[in-house]
Amino acid sequence: MGETEGLTDQVRRAAQGERSAFNALYRRTRPLVARLVAGFGTLDADEVEDVIQEAYVRAFRGLPRLKEATAFEPWLLAIARNRARTRLERRSSLRRLAEELPDPAPEAVPAFPEALQVERDIAVVRQLIAELPEGEEKTTVHLFYIEGQLTAREIAEQLGVGKSAVTMRLERFRGRIKRELLQRVLAGRWE
């Protein structure tokens, strides 16, 4: 059986769904398709491989519609050429689109200027401190966060407690702040 007849037979068998015929066609024609696609010099190795795979997927799906089995190789090469051109056009379009996009991307711009965010966060903390029930925790938190002049050790000395008691009160308050801020963020509101 001649080379052309062998190829024609493999095309017919593949068109009928025979898996071994698909494999044989792929092995037989891949070097030719790879040389063609690699000839599009601006495609990198990964893109070349993607184009080859896309060409075979399209060709094998369309194989039942191929009228002449002898036309398989030119048809496959035309598909591969078109896939490579489409890949280059898509890349060019994406590059142009990226150049047209304004910098920075809108989602990267904060909703509020940073100074306003800090003010808003401070206001939330002050509000939470004001809402604390009167007692040791509120006094400790007020001295540390509102007055802001004393260290935890100095607050402990002023209140007549151990430093660990002060740090525990502050930690408990920080946990409360985190929960409250998280609830507000999840609720989508800032009061």
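Reader: Which residues of α2 are buried?

Author: In this predicted model, with residues numbered from 1 along each chain as its sequence is written, local features need pLDDT of at least 70, side-chain atom pairs count only at pLDDT 80 or more, and totals for chains, interfaces and linings use all residues. Side-chain values use heavy atoms, leaving out hydrogens and water. The buried residues of α2 are Ala 21, Ala 24, Leu 25, Thr 29, Val 33, Ala 34 and Val 37; buried means under 20% relative accessible area with a 1.4 Å probe, protein chains only. Helices are DSSP runs of H or I, at least four residues, numbered from the N terminus.

Reader: Where does α2 bend?

Author: α2 bends by about 45° at Thr 29, and Pro 31 follows within four residues. The bend is the angle between axes fitted to the seven residues ending there and the seven starting there.

Reader: Moving to Thr 8, is it buried or exposed?

Author: Thr 8, in helix α1 (residues 3–15), counts as buried because its relative accessibility is 7%. Beyond its neighbours within four places in sequence, Thr 8 is in contact with Ala 69 and Thr 70, where contact means heavy atoms within 4.5 Å.

Reader: And which residues of the largest nonpolar core touch the most other members?

Author: Of its 26 residues, these are Val 11, Leu 25, Val 33, Val 37, Leu 63 and Phe 72. Such a core is a set of buried Ala, Val, Leu, Ile, Met, Phe, Trp, Tyr and Cys residues joined through side-chain atoms within 4.5 Å.

Reader: Which helix supplies the largest share of this core?

Author: α3 does, with 7 residues.

Methods:
Helix = DSSP H or I, 4+ residues; strand = E, 2+ residues; numbered from the N terminus. Buried < 20%, exposed > 50% of the residue type's maximum accessible area, 1.4 Å probe, protein only.
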